[in-house]
Amino acid sequence: MRGARKLSLWPLLLLGGCLSLDDYPRVHPLEPENASLDFDGDGVANGEDNCPRHKNPTQADANGDRVGDACDPWAALPRGTFQMGSNDGDFDERPVHPVTVPAFEILKTEVTVAMYRACQTAGSCSTPDTGGSCTWSSSAGAQEDHPINCVDWDQARAFAAWVGGGARLCTEAEWEYAARSGGQDRTYPWGDATPTCDRAVMTGCAGDTQPVCSRMTGNSDQGVCDLAGNVWEWVQDWFHSIYEGAPTDGSAWENPAGSVRVLRGGSWGNAADSLRASYRGWLDPGLRYGLLGFRLCR
C-alpha cells in the first residue's frame with residue numbers, strides 16, 4: 001500500500017515541510033543501516049518513522065496510508081449525515097436536505113503553484129493564464145506557496161488525474177461537509193463567529209492571494225485550511241438553481257447536465273457572506289479567473 005501511494009503522493013509532499021520522497025522510509029520495518037538516524041529527534045528511527053522530518057513519536061496515522069499525521073497533506077473525514085444548505089442564505093441554498101457522505105479524504109490546502117508546476121513540468125497539465133492577479137509565472141517565483149488560480153475546470157481535473165491514487169475534484173456535498181468541520185451545524189469552518197482577517201483571506205485584508213494556510217485560526221476542526229477565502233474552488237458538480245432532486249448520498253450532481261460548474265468557498269475578493277459554508281458560486285467551466293482555484297478529494 002505504501003509503495004502504491006508513492007507515485008501519486010510525491011507532488012503533494014511539498015506540504016507540511018515534506019519536500020520529497022527522500023523524507024520517507026522506503027522499507028518497513030527498521031533496516032539496520034538506519035538504526036542510528038533520527039532526523040526529527042522523536043525517538044523513532046528513520047527506517048520505521050512514518051514522518052521522519054516531523055516529530056510524531058506515537059506514529060499517529062489517522063488514514064492508515066503510512067504517512068504520519070504530522071506531515072500528511074490529506075485530512076480524513078468519517079462517514080456522516082448532515083443538513084446541507086441554509087434557510088438563511090440565498091435561494092439556491094434551499095431546500096435544506098439531509099445528505100449522507102461516505103468517508104473520504106480532502107487535501108488540507110488548496111492546490112499550490114508549486115504543486116501545479118510539477119504537473120505542468122511533467123507535461124500532464126497545461127499552462128495557466130498569467131498576468132493581473134494570476135499566480136502562475138514562467139519559472140518558480142515568490143508565489144509558489146500561493147494557491148494556483150487562473151485555471152479552468154478541465155485543468156483542475158487534469159491535475160487530479162496526474163496525481164492519481166483516487167484523487168479527484170471534491171463533490172459539492174463533500175466540500176460543504178468538510179467546510180462544516182465534518183457536517184456540524186455551523187456557518188464557517190471554525191464556527192459561527194464572523195470572519196475576520198486573522199481567519200480568512202477576504203476583501204479588505206490582503207488585496208490578493210496569500211500563501212496557503214496563512215490563516216490557521218480559520219481552519220476546520222480537521223486542520224483543513226482556506227475553506228473560507230483565498231480562492232474559490234472548483235468542485236465536480238454541475239450547478240442547479242435549487243436543491244430539489246439533488247443527490248443525498250454525497251455524490252456529484254451530474255444529471256441532468258448543466259452549463260456552469262459549482263464553485264465553493266469565496267475568495268480574497270469576497271466579503272464575509274460569501275465565505276459561508278453553504279454559499280454557492282458558479283462559472284462556465286472553460287473560464288479562468290484570478291479569484292478561482294481548486295483542491296482535491298479522494
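Let me begin with strand β6, residues 232–238, which runs parallel to β9 and is joined to β9 by three bridges. Strands here are DSSP runs of E of at least two residues, helices are runs of H or I of at least four, and both are numbered from the N terminus. Two strands pair if DSSP finds at least two bridges between them. Within this pairing, Trp 234 stands opposite Phe 294 in β9.

Before I continue, a word on the source. This is a predicted model, in which local features need pLDDT of at least 70 and side-chain atom pairs count only at pLDDT 80 or more, while totals for chains, interfaces and linings use all residues. Residues are numbered from 1 along each chain as its sequence is written, and side-chain values use heavy atoms, with hydrogens and water left out.

The sheet itself is open and has four strands in the order β8-β7-β6-β9, with mixed pairing. Its edge strands, each pairing on one side only, are β8 (280–283) and β9 (292–294).

Across β6, β7 (261–264) and β9 lies helix α3, residues 153–163, running at about 90 degrees to β6. Contact means heavy atoms within 4.5 Å; axes are lines fitted to C-alpha atoms, for helices over the stretch in contact, and angles run from 0 to 180 degrees between N-to-C directions.

I turn now to the aromatic residues. A search of the whole structure finds nine aromatic pairs. Rings of Phe, Tyr and Trp (its six-membered ring) pair if their centres lie within 6.5 Å; planes under 30 degrees apart count as stacked, over 60 as edge-to-face and the rest as tilted. Phe 159 and Trp 162 form a tilted pair, because their ring centres are 5.8 Å apart and their planes stand at 50 degrees. These two residues are three apart in helix α3, so about one helical turn separates them.

What does Phe 159 pair with in an edge-to-face arrangement? The partner is Phe 294, at 5.7 Å centre to centre and 70 degrees between the planes. Since Phe 159 belongs to helix α3 and Phe 294 to strand β9, the pair ties together parts that are 135 residues apart in sequence. Phe 159 is buried, with a relative accessible area of 0%, and Phe 294 is buried, also at 0%. Buried means under 20%, exposed over 50%, and partly exposed in between, with a 1.4 Å probe and protein chains only.

Finally, ring pairs link Tyr 116, Trp 136, Phe 159, Trp 162 and Phe 294 into a cluster.
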